[in-house]
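Take a look at the structure below. A short report on selected parts of its fold comes after it.

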Amino acid sequence: MHSMTGRDLIRSIIARRPVPRCAFWLGNPHAETLPLYHQYFGTSTLEELHRRLGSDFRWITPQFLESTYEHPEGKGIFDIWKFKKSLGEPGPLAQCTTVKEVSEYDWPRLEYLNFEECLGQLCAAGAYYRASGFWTPFFHDVMDLFGVGEFMINLHERPEVVQAAIDKVCGFYYEANERFFSVAGNLIDGLFFGNDFGTQRDLLISPAQIERFIVPWLGRFTAQAHRYGYQVILHSCGSVHRVISTLIGAGVECLHPLQARAENMDAETLRRDFAGKIAFFGGIDTQEILVRGTPEEVRSEVHRVRSLLGPHLIISPSHEALLPNVSPENVKAMAEAATAPPG
């Protein structure tokens, strides 16, 4: 068991089978952060950095490769940010008041998909866990398409219009994943997809609204992944404690990134309420410890989280897009503590 590859280790962690140790993922450092880490660690690519630090996990999504969606006019899958410059600004569906108007929007089309580049990356991934599938941020996409204010109002005043947009966005992602999974096969280990349902203090929408608008499609995405033999990892920043049982019921097997300082998302509370029911992924605080702590404090925090949430834990930052304020010295301390033998 001690000779397990990263791929086998994380598969076993998410399946909650016996494992020799917790796993580790560096995360996905921000583009402005990478040069600082490359200079410190003597690396030149993200893959070299992952290997240098002992990451067991690789995130290879087709969603963010330009070659994946080859629109003849150069459009992206959802070109929302051509319409707006901030989250609060109205989006292209802001004035839609009927289902018919939603259906007439220029939705992305499946015939423009091309998976060649992503399949090549999956083939070259080595003996690491391959998390893939479309990132599928449908909650954000729909919120952006309306604008935050319009979205929140429509949830109450025109729920059928919001539902129509959700169905369009999710319908595209579901069929895109169907095409992708059918050619990727066993190159993939788990569906990794992300929707931030929480703020620092609580949910963005009520548990009842999550049950009504989110869970039906969430269940379809998890069932689709399971049909292909994939595990399911859901990313949601913020305090999602109130709906973790709902997420488990919808088929989620592993929860990322465990925003450590969000309400009721601390390691002690998660252990108390959900240990043995779901695998954990993340939990090393990027708001205080990794930013302001000493390397020794970082090591101590990793050991503490490991002792509480392990062994079915992938140790990782509580936000994967590490910013330049997280020093390479603290990243090194996190990696060393995460990959040290237990005991």
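The model is predicted: local features need pLDDT of at least 70, side-chain atom pairs count only at pLDDT 80 or more, and totals for chains, interfaces and linings use all residues. Residues are numbered from 1 along each chain as its sequence is written, and side-chain values use heavy atoms, leaving out hydrogens and water.

**A buried strand**

Start with strand E5, residues 231-235. Helices (H or I, at least four residues) and strands (E, at least two) are DSSP runs, numbered from the N terminus. Five of the five residues of E5 are buried, so the strand is largely enclosed by the rest of the structure. Buried means under 20% relative accessible area, exposed means over 50%, and partly exposed lies in between (1.4 Å probe, protein chains only). Both faces of E5 are covered. Gln231, Ile233 and His235 are buried on one side. Val232 and Leu234 are buried on the other.

Which strands pair with E5? One is E4 (residues 190-194), which runs parallel to E5 and is joined to it by five bridges. Gly190 stands opposite Gln231 there. Another is E6 (residues 254-256), also parallel, with three bridges to E5. In that pairing Leu234 faces Leu255. Two strands pair if DSSP finds at least two bridges between them.

E4, helix H9 (residues 207-227) and E5 form a right-handed β-α-β unit. E5, helix H10 (residues 244-249) and E6 form a right-handed β-α-β unit too. Right-handed means that, with the strands pointing away from the viewer, the path from the first strand over the helix to the second runs clockwise.

**Two helix pairs**

Helix H6 (residues 138-146) and helix H7 (residues 148-157) have axes that come within 6 Å and cross at roughly 105°. Axes are lines fitted to C-alpha atoms, for helices over the stretch in contact, and angles run from 0 to 180 degrees between N-to-C directions. H6 and H7 are therefore roughly perpendicular to each other. Angles of 65 to 115 degrees count as roughly perpendicular, under 35 as roughly parallel, over 145 as roughly antiparallel and the rest as oblique. Phe139, Val142, Met143 and Phe146 of H6 meet Val148, Glu150, Phe151, Met152 and Asn154 of H7. Contact means heavy atoms within 4.5 Å. The residues of this contact divide into seven nonpolar, one polar and one charged. Ala, Val, Leu, Ile, Met, Phe, Trp, Tyr, Cys and Pro count as nonpolar, Asp, Glu, Lys and Arg as charged, and the others, Gly among them, as polar.

Helix H8 (residues 159-184) packs on H9 at an angle of about 10°, with the axes 10 Å apart. H8 and H9 are therefore roughly parallel to each other. The contact includes Tyr173 and Phe181 of H8 and Trp217 and Phe221 of H9. Its residues divide into eleven nonpolar, four polar and five charged.

**Backbone details**

Most residues other than glycine have a negative phi, and most peptide bonds are trans. The table lists some exceptions.

| Site | Backbone value |
|---|---|
| His256 to Pro257 | cis, omega near 5° |
| Gly310 to Pro311 | cis, omega near 0° |
| Arg16 | phi near 60° |
| Thr136 | phi near 55° |

Pro257 lies in the loop between E6 and helix H11 (267-274). Pro311 is in the loop between helix H13 (295-309) and strand E8 (313-317). Arg16 sits between helix H1 (6-14) and strand E1 (23-24), in a loop.

Is Thr136 buried or exposed? At 0% relative accessibility, Thr136 counts as buried. Arg16, at 34%, counts as partly exposed.
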